[in-house]
Amino acid sequence: MVTVSRHPQYHRLLLLCCFWLWTTDAITAERQQQEAIIQGTIAFTTHGRMHYDFDVYTVSLPSQFLSLGNGSSCLQQQRRLQETRMTYGQSVNYNAQLVSSSLASVPLLKTLHAHGFRNLLETEKEEEQEQDAPQLLLYVSEMEGSPQVYINIPLGAGGKVQSQDTEGIRRTMREESTVPPFKLSTLRAGPSAFLNDRPSLTGDTVVYVSTEEPSERPRQSWNGIYSTSFASRVTTRLSPYGVSDFSPSISPSGEWVMVASTQGREWDGEIGELNLGLYVFKAEDGSQRRLVVQNGGWPSWADSSTVFFHHVAEDGWWSIYKINPFDSSSDQEPERVTPPGVHAFTPAASSTGNWIAVATRRASTRHVEIFDLQTKKFVKLTELINPNVHHYNPFVSSSSGEIGYHRCRGTPPDGSSTASVDLRVESVTSPLENLSLIYVDGSFPSFSPDGSLIAYVGSSDDSAAMNVMRLDGSENRKVFTGKVFGLAWDPTRKGIVYAAHGPVFRSTQTSVHIVAVYNADTADVEADKAGSSWKYLTKEGTHNNAFPSPSGDGKYLVFRSGRSGYKNLYIMDAVDGEEKYLHRLTEGDWTDTNPNWSSDNEWIAFSSDRGHPGRFALYLIHPNGTGLHRVLNSSPGWINHPCFSPDSKSLVFTSDYAGLSAEPISVPHQFQPYGDIFICRIDGTGLTRLTHSSNENGTPGWGRILVAASMLSKEGTKSFCDFNDVDFLQRIGAAPQMCGFQ
């Protein structure tokens, strides 16, 4: 028999315990309910990414290559250079390293042998020369939905190069291989929704960049340097917490790592050369970390006492420098290696010590060239093979017999047609089980009320026309040929999509109208089907009106307008426009933009730089103008394009909260080389980073249906590699164009 004391304080204590248990259960139930609403599909754009089609390639260097500039014609040189594709033509593949398996440890070889690379242990003999051993290709691929490090034998099951001129043999052996690449993250437990990049192998350890751990402050990069050992299966963070490190390079001895680092400094928003310093530390545990030189990036070890790196010189040219990381004399200054007149960057040192490989920009195309350290002259390489294609981030094989890089596979050297396809949609690894993420080859994706259709602005269309496709990316149709942005489906009236009709990123005085496009669920203007009709909802002379979003009951539209001289929010009738009803929701000499109305009609989310010009925070306001408050701030950065979840309890948006994930010079053109997709609850709690990318991600939309990667269509358009290189490399002066030495 259980006896309960009659003393009042025990009753109070018992009641408190019961109340605590009840509230704990209630809070747990509420949290579970909030977590359960994080479901469906978020679609978003990533600038240029769907057109990259990167594969890794190598070129074998003839022994006489460095003397080809003396009288040889361009055609003669091209015949001596053979390019070999090293990756499999799936997704995007980049930032590689090619090393001899003779330099790898037994634990690593055993792991790869067990994975299916049977020839590795069978061909490893003490008397075998490095050039005879199978080669290992470390590279980054997004084939499974996120940037991850893979290891492969690029030449297939055999792995050996019979001679320097056997491109046909190489290609045949590689394509016959049925063993998939080894994914480094399989050595570890946990999800792989984050970014891994810039791998380097030394012995049994791979050193790389990862964004798996959050930074301590807004706008601080999540990049840290990690090492994973094949012997111990242990992963170690080498970067101190609170420090963001980029572009690691391992010394030839494997003892030291050099990185470009913020060393805890706040990112100032620069998008050309970053404010980085070069630091060196022990590869084993990150100890003995110290500054080598201020203002530098992309280090590459040539030997134990020489490191090359890039830096923008005082004359404005991106140039290669070198330094001795262990020279402690106070008067040591970096030595400039490449001359003015050519932008040179992302160096890769050779073990010969006589030359380095660099990326260059002479006009509008990025190429890989050799720079002879003795004659101080450049030798063209990729321009002789693919003159009109961008080539990125060169690397040199451990034997220095091959130079590699990544480029778009869509355009072969002879300009012939290709089977490579730019997919219309592509799956992205999600950190949340019930939420799927997809890239869209376009911008401003918006889901139909039932979630089965996506309206978006086509990225490959010069007119920025409105398109509609099924959720899986199939059955694409063009429904409106005008230049539009900021799309939104009507929640109650079938087939209506609202949009801003006119140019984007313009002043308050530019003429941009809110348009209602009808029959968007069935129209196809290119197939002579029933065409869509449309109607302007804003009046002439009201200037820049954009980003319409309907109320949950479909009666009203909130939109951004510059009619007062400032961009503020207004509400108008959804059927007859401002002719019938117009109400100004916000007012001030700032910018309120990107409004989104919750489906329950309670809130309007928007971005505003009120109080901090150019620095956008996330706000909520009731449709009647009450309850205005700030939800999140990425000061001094920005939060843009908020969108409610289908149940109105969460928000998705794009932000620079996580800073940069790569040196901007190492990737193609981005309007801004930062910006990832985040979600949070409407009270600002539960902030979660969804994407980890070195590209700009933005304009998200949230639909109610979960779509698996296996369900997505393989439809798309033929690849033409139609993306640009970075726009901050200005051509300062003309350099002489020659085939060989110049």
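Author: Let us begin with a count, keeping in mind that this is a predicted model: a search of the whole structure finds 27 aromatic pairs.

Reader: Which strands hold Trp318 and Phe345, and how many residues apart are they?

Author: Trp318 belongs to strand β18 (residues 318-323) and Phe345 to strand β20 (residues 343-349), so the pair links distant parts of the chain, 27 residues apart.

Reader: Is Trp318 buried or exposed?

Author: Buried means under 20% relative accessible area, and because Trp318 has 5% relative accessibility, it counts as buried. Phe345, at 0% relative accessibility, counts as buried too.

Reader: Why is the pair of Phe653 and Phe678 called stacked?

Author: Planes under 30 degrees apart count as stacked, and the planes of Phe653 and Phe678 stand at 10°, with the ring centres 6.2 Å apart, so this pair is stacked. Phe653 lies in strand β46 (residues 650-655) and Phe678 in strand β47 (residues 676-681), so the pair ties together parts that are 25 residues apart in sequence. Both Phe653 and Phe678 are buried.

Reader: Which residues form an aromatic cluster?

Author: Tyr52, Phe54, Tyr392 and Phe723 form one such cluster.

Reader: Where does the charged end of Arg289 sit?

Author: The charged end of Arg289 sits over the ring of Tyr279, 5.1 Å from its centre, and that of Arg563 sits over the ring of Tyr570, 5.2 Å from its centre.

Notes. Residues numbered from 1 in each chain as written. Predicted model: local features only at pLDDT ≥ 70, side-chain atom pairs only at ≥ 80, totals over all residues. Heavy atoms only, no water. Phe/Tyr/Trp six-rings, centres within 6.5 Å; stacked < 30°, edge-to-face > 60°. Helix = DSSP H or I, 4+ residues; strand = E, 2+ residues; numbered from the N terminus. Buried < 20%, exposed > 50% of the residue type's maximum accessible area, 1.4 Å probe, protein only. Lys NZ or Arg CZ within 6 Å of the ring centre and 35° of its normal.
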